[in-house]
Amino acid sequence: MNQIKHLDNKDLKEKINFECETGNYHTFCPISCVAWLYQKIEDSFFLVIGTKTCGYFLQNALGVMIFAEPRYAMAELEEGDISAQLSDYEELKRLCLQVKRDRNPSVIFWIGTCTTEIIKMDLEGIAPKLEAEISLPIVVARANGLDYAFTQGEDTVLAALAQRPNAKQPENQLEKVISPDKDYIEHIPLILFGSIPDPVVNQLTLELKKQGIRVSGWLPSKRYTELPLINEGNYVCGVNPYLSRTATTLMRRRKCKLIGAPFPIGPDGTRAWLEKICTVFGIEPKGLQERENEIWEKLKYYVSLIDGKSVFFMGDNLLEISLARFLIRSGMIVFEIGIPYMDKRYQGAELQLLQKTCKEKNIPIPIIIEKPDNYNQVDRIRDMKPDLVITGMAHANPLEARGINTKWSVEFTFAQIHGFTNAIEVLELVTRPLRRNQKLEKIGSQLYTDRR
């Protein structure tokens with residue numbers, strides 16, 4: 001754990017007020033990660049092994065018609081499977097051979113569910129033997145509802161990918177990136193992890209190129225066959241706050257060095273992320289202050305709408321700390337940050353940036369509540385009367401019925417929010433309910449005037 005020695009948990013505990021309640025995890029099921037991962041890894045096929053309930057959830061959450069031929073499917077467990085009357089190996093072999101014949105993927109992901117956990121289906125034991133028999137890579141990820149947040153489904157899949165051995169090993173494991181291209185300096189390979197859309201991948205890769213840093217690869221890559229070589233001593237850095245399991249796997253199993261940086265969400269977070277990577281490689285960052293100022297200038301209209309407004313995070317997708325920090329920098333008042341699970345080591349740099357932001361804005365650091373009790377939260381929302389509540393879909397309509405503006409937190413998961421140019425997408429989502437209300441008030445006042 002010496003790679004993350006710089007994260008001082010005692011210091012965080014002294015300055016940030018952490019509390020823990022005993023509420024339920026009101027969140028999507030992590031198997032929903034299939035929704036964005038099957039689109040990201042273009043030569044993959046996802047086989048979700050579960051019950052009818054899982055199938056109904058995927059059907060409703062993903063909303064893909066059967067004739068669209070999506071690259072995922074349900075392996076529906078029946079009574080014979082659960083009572084062990086049928087052979088798990090033979091049934092999965094039959095399905096995988098059908099997938100191979102019909103879709104010809106480069107890899108099949110088996111996504112475990114609550115049911116496979118309960119009946120103790122040995123997916124990890126079956127996969128290597130079946131993989132050898134059908135000559136097709138099989139990756140097992142237990143993205144079940146026992147996790148804290150639905151975004152941790154991606155974390156489970158990427159951690160499983162990170163454990164896959166490299167196709168080949170270079171002679172020198174610490175081989176440096178040597179390129180005749182004068183745009184790059186010589187440095188130890190850097191691998192970034194986190195599933196984000198390809199345009200955002202290109203943007204972040206280009207921002208690092210401007211600093212002379214070459215990205216050796218992304219986990220996950222666009223195609224399974226293009227996964228980066230991961231070797232001992234390589235540097236790795238995450239782009240999403242919910243990938244602590246992947247970070248741990250890369251450090252412990254692959255002996256990589258984790259760059260503990262804030263996450264590239266908002267112009268302030270993106271600049272801090274780039275500066276941290278530059279510092280690790282001994283590079284003096286160039287033009288980042290000007291780049292950040294340029295983005296803030298473009299965000300002026302949206303910042304004017306939320307300046308002085310208050311927001312309350314109920315907690316849903318583990319993006320809460322990064323979003324709160326960016327909104328505080330934009331002038332909002334954050335009453336409370338609810339979060340299903342807080343990994344203080346992996347999010348240590350983000351917490352430090354939150355502290356720094358609050359200090360510079362001369363405002364108190366908002367309270368952070370793990371496992372928030374939703375009944376208590378509703379009481380606090382009633383007392384505090386925030387201008388906006390960022391919440392899961394389960395609570396949005398009930399809160400709207402009580403006259404409280406809400407925004408679905410799941411929208412931030414699917415939107416392009418990383419990097420300098422996408423900061424506007426965050427504020428577009430945050431201000432939408434406020435702008436809608438302004439328009440409704442304007443329409444209402446016009447109707448009143450016309451009637452008079």
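Helix α2 gives the largest share of the lining of the second largest pocket, five residues. Keep in mind that this is a predicted model.

- Two or more lining residues come from each of α2 (34-40), α3 (52-62) and α18 (410-414).
- Sorted by class, the lining has 14 nonpolar, six polar and four charged residues.

**Aromatic rings**
- The structure has nine aromatic pairs.
- Trp36 and Phe150 make an edge-to-face pair, because their ring centres are 6.4 Å apart and their planes meet at 75°, over the 60 degrees needed for that label.
- Trp36 belongs to helix α2 and Phe150 to the loop between β5 and α8, 114 residues apart, and both are buried.
- Tyr148 and Tyr341 are stacked, with 4.5 Å between centres and 10° between planes.
- That pair also links distant parts of the chain, 193 residues apart.
- Tyr148, at 30% relative accessible area, is partly exposed, and so is Tyr341 at 22%.

**Charges over rings**
- Lys129 has its charged end over the ring of Tyr89, 5.0 Å from the centre.
- Arg214 lies over the face of Tyr184, 4.1 Å from the ring centre.

**Helix α10**
- Ser244, Thr246, Ala247, Thr249, Leu250 and Met251 are the buried residues of α10 (244-252).
- Their cover includes α8, β6, β7, β8 and β9.

Terms used: Residues are numbered from 1 along each chain as its sequence is written. This is a predicted model: local features need pLDDT of at least 70, side-chain atom pairs count only at pLDDT 80 or more; totals for chains, interfaces and linings use all residues. Side-chain values use heavy atoms; hydrogens and water are left out. Buried means under 20% relative accessible area, exposed over 50%, partly exposed in between (1.4 Å probe, protein chains only). Helices (H or I, at least four residues) and strands (E, at least two) are DSSP runs, numbered from the N terminus. Contact means heavy atoms within 4.5 Å. Ala, Val, Leu, Ile, Met, Phe, Trp, Tyr, Cys and Pro count as nonpolar, Asp, Glu, Lys and Arg as charged, and the others, Gly among them, as polar. Rings of Phe, Tyr and Trp (its six-membered ring) pair if their centres lie within 6.5 Å; planes under 30 degrees apart count as stacked, over 60 as edge-to-face and the rest as tilted. A charge sits over a ring if NZ of Lys or CZ of Arg is within 6 Å of the ring centre and within 35 degrees of the ring normal.
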